[in-house]
Amino acid sequence: MKDQALQMTMLYDFYGDLLTQRQREFYDLYYNEDLSLAEIAENYGITRQGVRDVIVRAEAILNGFEEKTGIVRRFLHVRSTVQELSELNEAIAQHNRARFRDPKLELLTREIARRLSSLEEEDHGI
């Protein structure tokens with residue numbers, strides 16, 4: 001369930017602005033504020049089923065956007081690749097320090113690390 005909640009939160013982060021105001025409110029209360037369907041229904045004076053219908057519709061819309069664009073999937077892939085490249089770059093830097101002590105290679109690995117760090121910072125701004 002946590003994986004689904006994380007997936008739904010990411011979909012909301014990327015595509016939430018494309019939902020109606022009511023869909024955004026209910027979706028946010030359910031997934032981000034962890035309110036139950038009954039709690040949301042009580043706060044809005046509607047039935048639990050009414051809340052569920054709005055959330056299910058919002059989920060379908062968000063999943064539909066992801067199926068068409070694949071933005072979240074690509075974002076996760078890029079983030080994973082940046083992490084892997086950071087680890088490989090660090091391994092190269094450590095190998096250089098232990099074996100070669102080549103100043104040019106040290107500069108290059110630092111520059112790669114700086115650029116990867118910049119990508120990671122952009123990632124957090126999304």
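**At what angle do the axes of α3 and helix α4 cross, and within what distance do they come?**

## α3 against α4

This is a predicted model, so let's take its helices pair by pair. Two packed helices are described by the angle between their axes and by the distance between those axes. For α3 and helix α4 (residues 48-69), the axes cross at roughly 105° and come within 8 Å. Angles of 65 to 115 degrees count as roughly perpendicular, which means that α3 is roughly perpendicular to α4.

Which residues make this contact? From α3 come Leu37, Ala38, Ile40 and Ala41, while α4 brings Arg48, Val51, Arg52 and Ile55. Sorted by class, the contact of α3 with α4 has six nonpolar residues, two charged ones and no polar ones.

## α2 against α3

Now look at the other partner of α3. Helix α2 (residues 21-32) and helix α3 (residues 37-44) have axes that come within 9 Å of each other and cross at roughly 135°. That angle makes α2 oblique to α3. The crossing of these two helices is right-handed.

On the α2 side, the contact is made by Arg22, Glu25, Phe26, Leu29 and Tyr30. On the α3 side, Leu37, Ile40 and Tyr44 take part. The class count for the contact of α2 with α3 is six nonpolar, two charged and no polar residues.

## α1 against α4

Helix α4 has a further partner to explore. Helix α1 (residues 2-15) packs against α4 at an angle of about 75°, and their axes are 10 Å apart. With that angle, α1 is roughly perpendicular to α4.

Four residues of α1 to find in the structure are Met8, Leu11, Tyr12 and Tyr15. They meet Glu59, Leu62, Asn63, Phe65, Glu66 and Thr69 of α4. This contact of α1 with α4 includes two polar residues, along with six nonpolar and two charged ones.

## The largest pocket

Finally, let's turn to open space in the model. How much space lies in the largest pocket? The value is about 180 Å³. Its lining has 11 residues, and those nearest the centre are Val78, Arg79, Val82, Leu119 and Asp123.

Two helices to look at here are α5 (71-100) and α6 (103-125), each of which supplies at least two residues of the lining. By class, the lining of the largest pocket has five nonpolar, four charged and two polar residues.

Methods
Residues numbered from 1 in each chain as written. Predicted model: local features only at pLDDT ≥ 70, side-chain atom pairs only at ≥ 80, totals over all residues. Heavy atoms only, no water. Axes fitted to C-alpha atoms, helices over the stretch in contact; angles between N-to-C directions. Parallel < 35°, antiparallel > 145°, perpendicular 65-115°, else oblique. Left-handed = near helix turned anticlockwise from the far one by under 90°. Contact = heavy atoms within 4.5 Å. Nonpolar A, V, L, I, M, F, W, Y, C, P; charged D, E, K, R; others polar. 1 Å grid on protein atoms, 1.4 Å probe; cavity = no way out; pocket = protein on both sides within 12 Å on 5 of 7 lines; lining within 4 Å. Points joined across faces, edges and corners; volume = space filled by probe spheres on them.
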